[in-house]
Amino acid sequence: MNEGLKISAVSHFYADYQSLDQVSLQIGSGSVHCLLGASGSGKSTLLRLVAGLEIPFAGEIKVNGRILYDEQTNLLPEKRPVGLVFQQYALFPHLTVAANIGYGISHLKRKQRLELVDKYLNLIELPDSGDAMPHELSGGEQQRVALARALCCRPQVMLLDEPFSNLDPRLRTDLRKLTLRLLKEADVATLLVTHDPREALAVAESMTILEKGKVIQSGNVEELYFKPNSLQAAKIFGPVNSISTHHKNTGMPSLPGEITDLSGLDEDGTILVRPEFIQVRHANGDSNAVVIEKTNEGSTTLLLLELESHLKVFARIPNPTSLEVDEQVHASYA
């Protein structure tokens, strides 16, 4: 297996503003890694550095052992084995779909170029659209063409900068599946930027959370979701219960049961427990909490409970549920 993309201690500045601070990560060939974080966290900047559109202040970038950037080396963007697909489709409006796909392989002989373009038109499920103009396609179809144009150059690394965010939910899901299938089949190391934690959980095998240019946690998906190393990292994925060791040792919050091993621990010793590990049922003379908020999430409902100790905890339970706001309930660790 190839080494894929390796980023080592990369830093970057915009004038006096440090946009990235000693960022490191590695993505094996055929793997998908998500960069997750709020706007301004440095996600897109890191993609631009890998693509060669910006120059790092320090660090090293390698693809399959080949140095793209270090103190002595800075390959031009067109010399890098890297494909890039943006949120905006960025197709050439005056070129046909086929010409857009074949734009980066103009150095090949005409017959070979036409064969490759035809191959990718079939792979993106638009076999009869080669003569169409970009404006004649839907948003999802245009993004498929942008993907085919990037893949046609046979990159070793693919950079996806929120490529599905402009699509409606159904199209987003379908195109995401198609995109990732093609990238895995091509054994391409993929770095996907998103601000949507649900998308990150759905597609990635590993991820890195960035905050103000710094890595706050990196690892496999299960580790980051269930075992965050800080409240900051935990909240990226939604509500979480933070239980101080003081409360735990003194019996607070007053919940029966054992805290799951699938919980995080921050540097202050606070235990971080996801809402799905709190069980709730109708009280049978043994109430220890009251429901103060209820949010329908579709297949689940998120409850906010106030315990007898006046502490508040989140619980996520399957739908349908008959529990209601202001109801006295029994809560416990799952």
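These legends go with a handful of close-up views of a predicted model.

**View 1. An open sheet with four strands.** Start with the strand order, which reads β2-β1-β4-β5, with antiparallel pairing. At the edges stand β2 (17-27) and β5 (66-69); each has a single partner strand, so one side of each is left without a neighbour in the sheet. Neighbouring strands here are turned by 30° against each other on average, if you ignore direction. As a bit of background, strands of a sheet pair through backbone hydrogen bonds, either parallel or antiparallel.

**View 2. Strands β1 and β4, side by side.** Here we zoom in on β1 (residues 5-14) and β4 (residues 58-63), which pair in the antiparallel sense over five bridges. To find your way along the pair, look for Leu5, which stands opposite Val63 in β4. What lies across these strands? Helix α1 (residues 43-51) does, and it also lies across β2 and β5. This helix runs at about 115° to β1.

**View 3. Helix α5 from end to end.** Helix α5 (residues 169-185) has 17 residues, and at 1.5 Å a residue it should span 24 Å; its end C-alpha atoms are 24 Å apart, so the two agree. Just after the helix comes Asp187, which takes a positive phi of about 60°.

**View 4. The buried residues of α5 and what covers them.** Which residues of α5 are buried? They are Leu175, Arg176, Leu178, Thr179, Leu180, Leu182 and Leu183.

**View 5. A tilted aromatic pair, Phe92 with Tyr103.** The structure holds five aromatic pairs. In the one formed by Phe92 and Tyr103, the rings are tilted, at 4.5 Å centre to centre with 45° between the planes. The pair links distant parts of the chain, 11 residues apart: Phe92 sits in the loop between β6 (82-85) and α2 (97-101), and Tyr103 in the loop between α2 and α3.

View 6. Tyr225 belongs to helix α7 (residues 221-226), while Phe237 is in the loop between α8 (231-235) and β11 (241-243), 12 residues apart. Both Tyr225 and Phe237 are buried. Ring pairs also link Tyr225 and Phe237 with Phe226 and Phe277 into a cluster.

**View 7. Ser263 and its surroundings.** Where is Ser263? Look in the loop between α9 (245-249) and β12 (264-265). Ser263 is buried, with a relative accessible area of 16%. A polar atom of the Ser263 side chain lies 3.0 Å from the backbone oxygen of Thr260. Leaving out residues up to four places away in sequence, Ser263 touches Phe226, Lys227, Ile271, Leu272 and Val273. One of these, Phe226, also belongs to the ring cluster of View 6.

How values were computed: Residues numbered from 1 in each chain as written. Predicted model: local features only at pLDDT ≥ 70, side-chain atom pairs only at ≥ 80, totals over all residues. Heavy atoms only, no water. Pairing = 2+ DSSP bridges. Helix = DSSP H or I, 4+ residues; strand = E, 2+ residues; numbered from the N terminus. Axes fitted to C-alpha atoms, helices over the stretch in contact; angles between N-to-C directions. Contact = heavy atoms within 4.5 Å. Expected span 1.5 Å × (residues − 1). Buried < 20%, exposed > 50% of the residue type's maximum accessible area, 1.4 Å probe, protein only. Phe/Tyr/Trp six-rings, centres within 6.5 Å; stacked < 30°, edge-to-face > 60°. Polar contact = N/O pair within 3.5 Å; in protein donor to acceptor, adjacent residues only side chain to side chain.
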